[in-house]
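Subject: Structure handover

Hello,

Here is the structure I promised you. Please open it and keep it beside this email while you read.

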Amino acid sequence: MPVDDAPLPRAAHPAFDLPAARRTDRGLAQLLRHRATGARLLWLPDPRPEPVFTISFPTRLRDDRGAAHVLEHLIFRGSERYPADPLYPALTEAGMVSFLNASTRPDYTTFHVASPTPAGLTPLVRVLSDMVFNPNLALGAFREEAWDRPEADGPARGIILSEMRDYHSSPEAALALALRSAALGGGEGAFNQGGDPAELLKLTPDQLRAFHQRAFTPQNAWMTLWGGEAAALEAIDIGLREAREQGAPMPPARPGVPRRLSEIPHASGRRLFGLAWRLPPEIAPELLPLLDSLLLTGPATLLRRMPGLVQGQATALSRDMAHPFLTLAFSDAPDPQQIAGLIHLSQEVTSSAVAAALRHALAVCYDEDVTPRRPQGLLVFDPLLAPWLNGGDPFAHLDIGLKLQALLARPEKAHRQVIAAMQKIFRPEGPDSRVALVPERTAAQRPSDPPAGRALPFRPLRLDHPADGIPDRIPVPEIEGAGHAWLVTGDESRLARLCIAFLAGAEGYQPLAAQAAALAQALARHDLLAENARALKVRAGACGGRGVIWLHLSALPEEMLRCIRALPGALAGHGSLAGVDPAPGLRSLMISRPQTVIGLRLRAGLSAEARLEDAHAGPGMLLQTLRDGGPVPLSGPVWLAGTGIALSVLTDLQVRLSALSVASYHPPLCLPEPGAGDGFALPVPFHAVGLGFRAADPAAARVLLRAGEAAFLWPEIRGAGGAYGLRCELSSTGEAAIFTARDPHLLRSLDLLRGAVAAIRPSLSFDLLQRGRIGAAGQLLTPPGPHEVLTEVLRARISGSAPWGAAQAELSRLQALTSEDLFRSAEDLHEALQTARVVVFGPKESLMVSLKSRPGLFTLYSDL
C-alpha cells in the first residue's frame, strides 16, 4: 500500500485534528476527527468533477418495526434550521444538486448528496447536517411516511407501509430477509431494517424520537467527503456543534448464534429453499469481491451451475454490513449430497479461473458506469462504510484495487488464498442456516388503499449561502478523430470503454430489439469476451432518424485489446442467428426500472426520433403488426467511440466491422400513430400514470416543473395520495415526461399532473426564479456516466450536431431568464399539460376500473 511517509499536514480547519493521512489508490486520503464531538471524517481533497458528501450512523435494530427506515424518510421532511417540507424536492429545486438520496442498510443508515461544483456542495453539506441531527419529526409527516389509520376500523395507509407490503410480496425478497435473520441469529443486522408490515404498525412517534436520540448523534457520525473545498469543513463543523443530541459512540456490531433451521410461510404460494454461510472474519477484505466474482457474478460462477439455483437477491454474497455472509436459494430442496460436496468445491478451482475472477473483480472495483446512476465518490465510499463503522481501516478499503492488482501479479498466491478462504466457508458441518419458504395455509389479502388524505402545506427552502454563481459552460471532454471513429481523451478512469453504433437502413426496420437480444446472447456465449469484458450490453434504439443497435463494452485496458481483436470474429456469424423475443426483457425492465419503459412510451408521441426509439426498444415495438420478409442488412455505416483505447486501434476496428454483414431479419417498421393515450396491463403489482408533452422553452420549463413538483405534486401525490415516487424528465430539446410510481390513485394523480403549473402560478416570483435557476443548473451540469459520454459523442456525430449543444443552449438561456419569461412560459406549459398524451401502467383489472370512470381516456393494450 502506498503510504505518505512525509510529516502529516495540518488539518484544513481548526475544528478538526488530522490523526492520519495516506496516499491511497484513490488519491490523498485524510482521516479527520472533530475536536468537540469526536465525529470522524474521511476526506479525499483532490479536485473532483462531482464532489460528494456522505454522513452515516450505526442504526442497529432490536425489532422489525423499521425505525431506521422511517427516520430516513422523516429526515427529509424538514429540520429546525431548514423547515422546508418536503425537503427532498425543495432542496433539489433550490440547491445545485446532482445527486441526493439515502439508504437504510441492515446495521447502518447513510445519507449522501453531490453537486457539479465544490461551491455548490458547501451549502448542501450544511443542509444535510442539520437534517440528520435536528429533524422536526412532525406527527403529520410520520402519518404520511410511516403509517396512519384515517378511520378507526379502516385500513392503514402510509408510504413506507405500502413500500414494504410490495417488497414482502416477493418470495425471493422474503427468503433473503429470512436467510439474513437466520445467519445472524437475532444479532445486530439480523432484523428487517425496512420494517415488517405487521410490526411497522406498532411503531410510535415517541419510539422513533428515542431511537433518533440514541443513534443520530455526532459521536456516532461517520462522514466522507470526495473533493469539495475547505469551506465544506466549516459547514460540517457548524452542523456538528449545533446537533440537538449528544451521546456515547456505539460499539461495533455483534452477531448472534445462527439458527440452524427455519420455516416461514408466504402468501405467494411458492416453495423456496435457502442456505446461508457466515463468512469468517479473518478473510481479508480484498478476497470478498474476488470470492463474489468466482462463485456468483464473474465469468467462472462456480455456484451458478448448481441445479435448481434461483437467481436474484436471495442468491448473493452480502457485504454491506459488519458480518458478511453467502446465501443460495433453490426452487426445490437441494440434494444433501450436493451440499455436502461443497466442502470439495475448492478442489475445482483452477489458477486460470482465479485469474479471470480477479480481472472481473478489479474491473468491478473501478467501474463508474452503474444503473441507476451514482456519483463516482459514492461508488468509492460505499463499500468501506460497513467495515469502517465497525472498526475497520478505511485506508485499506481505499486500496482494494491495488491489492487485487497485486494478487493478479502473483496468481499462485491468489490461488492459495482463495482455496484457504473457501475451505473456511464450506466446512464439513454444512451451512450455518437453512430456511424453507412454504405456502401460507390461509392466503392473506392485501388491504385496500384508503382514500387520499389532505396534503400538508409546502414550505420552500431558504439556503443560508446560495451557490456562488452558475458556471457558463457545460463541461465537454476533449474529442479527437475523424470519419466514423472518435476517441474521448482526458478520462482518468481505470477502465477502457467502447461504444459501437450499427445503423439500420434509412427507413428503419421492424423492431431491432429482437436482433439486439440475439446479438447479446451470442456475444455472452463467446468465451474470450465473457472472460475479459467487465460489461457487455447490447440494446436497440434510434439515432438520426434511423434504427440503431448500440453495443457497449468496458474492460481493463489489456483485456479491452483482447476483446477488440475478438469482436469481428464474434460478429461475423451473427447474420445466421434467429431473433430473440424481446418481450420478456421488456417485462423484466418494467419491474426493475419502470421509469425507463414509461419514459419511452410517454415520449413516443413527441418527435419522430422518440417515436422510432419506442418502436425499436420500448412498448411500441410490441404494438406493431409483424410481416414476413427476408433478411435486411444493417446497411448504414458503423460508428465507434472509445476511451482508454488508441485512436489507431479504433480506426482499424471500424474498418473491419464495416466489412461485416450484420443482418436484421425483420421487415420495415409499421409504426402506429400515437393516440391521445395508452394503457398497458402489466403483470406487476403497482401502478403508474404519466403525461408526455413538449416544452417550447426548456429552460423556463425546467424551473417551473421543479417548482411544481416541490410545492404541489410532491405534497399532493406522494404525501396525501400515498404514491411512492414522482419523476419528471425533460430534455434540452423540449421533450418532457412526468409520471408517478406505485400510485394507488391514478385518475386523481392525472388531474393533479395536469394542474401542476396552474397550482404554482400565484406564487411565481423573482425569488422562485432564483431558487429554481440554481436547481435547474445542478440538473443540467450533472456529469454523465462514462458510457453516456460515448453515446452522446456518437449521437452528435451521426446527426451532425455538436455534443451537448442543446444542453449548452439551455444553460445559456437559463442564465438569461427573467420573471416575464417565467410567466409567459407558465401559460404555454399549462396548455401543453392539458393536451398531453396519457400513459397508464398497471394490472388489467384496475385499468378497466379507470376506463369505466372515464371512457375513452386511453386505449388499453393487454397483450404485454
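Thr643 sits in strand 19 (residues 638-643). Helices and strands here are DSSP runs, numbered from the N terminus: H or I with at least four residues for helices, E with at least two for strands. Thr643 is buried, because its relative accessible area is 5%. The cut-offs are these: buried means under 20% relative accessible area, exposed over 50%, and partly exposed in between, with a 1.4 Å probe and protein chains only.

A polar atom of the Thr643 side chain lies 3.2 Å from the backbone oxygen of Val488. Setting aside neighbours within four places in sequence, Thr643 is in contact with Leu487, Val488, Asp491, Ala496, Arg497 and Leu790. Contact means heavy atoms within 4.5 Å.

Before you go on, note that this is a predicted model: local features need pLDDT of at least 70, side-chain atom pairs count only at pLDDT 80 or more, and totals for chains, interfaces and linings use all residues. Residues are numbered from 1 along each chain as its sequence is written, and side-chain values use heavy atoms, with hydrogens and water left out.

**The cores**

In soluble globular proteins, nonpolar side chains tend to be buried together. A nonpolar core is a set of buried Ala, Val, Leu, Ile, Met, Phe, Trp, Tyr and Cys residues joined through side-chain atoms within 4.5 Å. The largest one has 73 residues. Which of them touch the most other members? They are Leu691, Phe693, Leu713 and Leu814. Helix 24 (residues 698-720) gives this core its largest share, 10 residues. A second, separate core has 65 residues, including Val113, Trp147, Phe191 and Leu208.

Look at Leu691 next. Beyond its neighbours within four places in sequence, Leu691 is in contact with Leu602, Ala736, Ala737, Ile738, Leu750, Leu753, Arg754, Leu833, Ala836, Arg837 and Val838.

**Two helix pairs**

Two packed helices are described by the angle between their axes and the distance between the axes. Axes are lines fitted to C-alpha atoms, for helices over the stretch in contact, and angles run from 0 to 180 degrees between N-to-C directions.

Helix 24 packs against helix 27 (residues 766-780) at about 105°, with the axes 9 Å apart. The two are therefore roughly perpendicular. Angles of 65 to 115 degrees count that way, while under 35 is roughly parallel, over 145 roughly antiparallel, and the rest oblique. On the helix 24 side are Arg702, Val703, Arg706 and Ala707. They meet Leu768, Gly772, Arg773, Gly775, Ala776, Gln779 and Leu780 in helix 27. By class, this contact has five nonpolar, three polar and three charged residues. For these classes, Ala, Val, Leu, Ile, Met, Phe, Trp, Tyr, Cys and Pro count as nonpolar, Asp, Glu, Lys and Arg as charged, and the others, Gly among them, as polar.

Helix 1 and helix 8 (residues 205-215) pack at about 85°, with axes 10 Å apart. So helix 1 is roughly perpendicular to helix 8. Ala67, Ala68, Val70, Leu71 and Leu74 in helix 1 meet Leu208, Phe211 and His212 in helix 8. This contact has seven nonpolar residues, one polar and no charged ones.

**Backbone details**

Where is Pro86? Pro86 lies in the loop between helix 1 (67-74) and helix 2 (87-94). The peptide bond from Asp85 to Pro86 is cis, with omega near 0°.

Leu137 is not a glycine, yet its phi is positive, about 50°. Leu137 belongs to the loop between helix 3 (118-133) and helix 4 (139-145). Its relative accessibility is 9%, so Leu137 counts as buried.

Arg742 is not a glycine either, and has a positive phi of about 50°. Its loop runs between strand 24 (735-741) and helix 25 (746-754). Arg742 counts as partly exposed because its relative accessibility is 27%.

**Two more residues**

Is Ser352 buried or exposed? Ser352 counts as exposed, because its relative accessibility is 51%. Ser352 is found in helix 12 (residues 351-366). Its side chain makes a polar contact of 3.1 Å with that of Thr350. A polar contact is a pair of N or O atoms within 3.5 Å; within protein, one must be able to donate a hydrogen and the other to accept it, and residues adjacent in sequence count only if both atoms are side-chain atoms.

Pro582 is in the loop between helix 19 (557-572) and helix 20 (583-592). At 17% relative accessibility, Pro582 is buried.

Best wishes
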